[in-house]
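Below is a short exchange on how one chain is put together. Please look over the sequence and the structure before reading on.

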Amino acid sequence: MRSRARAAATALVVFACAALPAAAQNATPPAGAPAAPPLAAKPAAAIAPEQTFRIGVIRQIPEPPPWIAPLQMPPDNLGIAGAELGIKDNLTSGRFLKLDYKLATETVPTDGDPLPVAQKLVEDGNRFLLLDVPAEQLLRIADALKDKDVLLINVGATDDRLRMADCRANVFHIAPSRSMLTDALAQFLVTKQWRNWFLMVGRTDADKLYAEAVRRSARKFGGKIVAEKTWDYGPDARATAQSEVPRGTQVGEYDMLIVADELGEFGDILPYNTWLSRPIAGTQGLMPLSWHPTMENWGASQLQSRFFKLSNRLMQPLDFQMWEGVFAIGSASLKTRSSDTAKVRAQLLAPDYDLPVFKGVAASFRDWDHQLRQPILLTHATNTVTLSPQAGFLHQSSPLDTLGFDRPETTCTFK
Amino acid sequence: MKRHLLLSASLALGGLLMADALPAFAQSRAFISNERDHTMTVLDMDTLKVIETVKTGRRPRGITASPDGKLIYVCASDDNRVEVYDAKTLKLVKTLRSGPDPELFVLHPSGNPLYIANEDDNMVTVVNVENNDLIAEIPVGVEPEGMGISPDGKYMVNTSETTNMAHVVDTATNEIIENILVDSRPRIAEFSADGKQLWVSSEVGGTVSVIDPATWKIIKKISFKIPGVADDAIQPVGVRITKDGSKAFVALGPANRVAVINPKTLEVEKYLLVGQRVWQLGFTPDQKFLISTNGNSNDVSIIDVAAEKVTKSVTTGRAPWGVVVVP
């Protein structure tokens, strides 16, 4: 609701400016040149929308880590702000074709159940649902809504199984999968000839899945895991890091310490505390991400600046993924001019569908698992170092398909 | 001849200009905006030597000249203004309002007004260049960029990069009369000199849409194939068409090529290798040469239009963006 009110307010401001009397009626064009046009404008007439795209968003708040660094405190509207910007962008584009977009956002507590919330949103007429919920919940929702007229868009869950054995025909994935992220990192490390990796894995199931993706990427691109350890210094080792980390990282020679710590319990205390002077990558250090506030090429600074203007903070990966989700529907809507889910779905999978996501090359959906193929950033706290796929990783159809599970590897069969 | 005329015209203005006169003050000069070091390179087109590097406002991008070639207009994007320089003395004459984040603009063929794309604000701002009055703010799509105007000045066309449309504005009313959906990230709109074709380049879509202004329908989408260059590295940006309508040139971004196209057949005839991430193009007034700005190699390439050959490259400032050449 808030985003709609804000968008309407913006529109009013624009119209008000356009309606300002122009005091420039007396400019005289030079003789012989084409006549200068009349120097006044009327406000644009309001256009009655013919098609409304109702988009619902559900965000289930994840389990908080044992401690959060002050710089990493998640904002209350994490993700949601990106969806709001997406609606604003869609409204700006869609009004030329009499298309309207409405957003309904719902937040579910960590121990809450998002399924009834999703069912309610569908009953209320939302035909597109953006979901930032754990994989298990996403599958429950997808199966419960299987026969409903609704498209589900996964903007949060990175689990590879959702794109593989547990794929669903009614789900599209905007969030990059773990394997896309670790493949992006592996390509860069191999390009740099930093091939020997020391893998440090956290205590959670998610960390184990991230580590598994790292191992797979090592096999795929020729990295070598020369040592592997599980972090066992407890949930908050900040006070003792200087003595514990040097001992815990004596594993012989390696080029790069790769961390699998999705909660952010220990990854940030490893840099400068390791036994050897080696850089860190993975969930901390040099991170493969869908987005980062330091991304500015290919028009990215325009999106960053629009987001900052709307939300008064920097755009995080989940904000970007939610923006992408709403923008993906908006982009398809300009072609379908209809909110019919079957038509939008066909457009999302059309061979000529391309989504310009400010990363140099267009994103699009893989037809074999509905995953959005897109470049992945490799970034540290204050700079985006590079984007993968790296130059030289070739592919017969799209270099973007060198990231994640490719068509021949997929185990997804839509039911 | 031209040189003499200009010289005598300046002399007639009295000693004031002479005191400021630069060695190259009568030659044809190219002005190149350098986005990343906030300067404008002034190039002598006879010797192809840099005459001067002028400090501008922050992040200069769009650059154009008044019809008489006396004034140079520069979008200082991060300073939210348009700067107007004297093309001879290279001094800042005045600044104009621009609306927020001006990226590109087009001057009405009469020399007034100036139509400015406000990339961050989904607007085109229309400004009277004589008195700096705001004439209109036209709401357009997301991230307006490309700005073209028909030779008779009746239609202004703006492209919005994220909405993926070319918006046609009637300059008599400053209202949108047509929205044309084109391929992703439309960057540039350019009319042919006879007004019978409108070319719109799509950077991410990798195509150029050629539109018939009689119907505002797309006649053809030109696409590009270069052996050894990945399709997604072919990103059309700058477009220029010769006045006689015999040749069109399209800058292809990270493909590091300029395509030569026959506007009659709309077929690509040749690719010219230029510098890295070629962005915008500009003809010399006699149209014998075309200059391309190469953003990632920090230089411009000089293209011989008749021979269809790159003859020289000249180092500029950091990230050269736009170029305009005056007599």
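**Strands and their partners**

Reader: In β9(A), which residue is the bridge partner of I258(A)?
Author: This is a predicted model, in which local features need pLDDT of at least 70 and side-chain atom pairs count only at pLDDT 80 or more, while totals for chains, interfaces and linings use all residues. Residues are numbered from 1 along each chain as its sequence is written, and chains are lettered from A and ligands numbered from 1 in the order in which they are written. β8(A) pairs with strand β9 (residues 280–282) of chain A in the parallel sense over 3 bridges; two strands pair if DSSP finds at least two bridges between them, and strands (E, at least two residues) and helices (H or I, at least four) are DSSP runs numbered from the N terminus. The partner of I258(A) in β9(A) is A281(A).

Reader: Which residue stands opposite I258(A) in the pairing of β6(A) and β8(A)?
Author: Strand β6 (residues 196–201) of chain A runs parallel to β8(A), with 5 bridges between them. Opposite I258(A) stands L199(A).

Reader: How many residues of strand β8 (residues 256–260) of chain A are buried?
Author: A residue is buried if 20 or more other C-beta atoms, placed from the backbone, lie within 10 Å of its own, exposed if 12 or fewer, and partly exposed in between. M256(A), I258(A) and A260(A) point one way from β8(A), L257(A) and V259(A) point the other way, and all are buried. The strand is largely enclosed by the rest of the structure because the buried count is 5 of the 5.

Reader: Which strands stand at the edges of the open sheet of 5 strands in chain A?
Author: The order in this parallel sheet is β2-β1-β3-β4-β5. Each edge strand has a single partner strand, so one side of each is left without a neighbour in the sheet; the two are β2 (99–108) and β5 (171–173) of chain A.

Reader: Which residue of β3(A) is opposite V57(A)?
Author: Strand β1 (residues 51–60) of chain A is joined to strand β3 (residues 128–132) of chain A by 5 bridges, and the two run parallel. The residue opposite V57(A) is L130(A).

Reader: At about what angle does helix α2 (residues 80–94) of chain A run to β2(A)?
Author: The helix lies across β1, β2 and β3 of chain A. Axes are lines fitted to C-alpha atoms, for helices over the stretch in contact (C-beta atoms, placed from the backbone, within 7 Å), and angles run from 0 to 180 degrees between N-to-C directions. For α2(A) against β2(A) the angle is about 175°.

Terms used
Contact = placed C-beta atoms within 7 Å.
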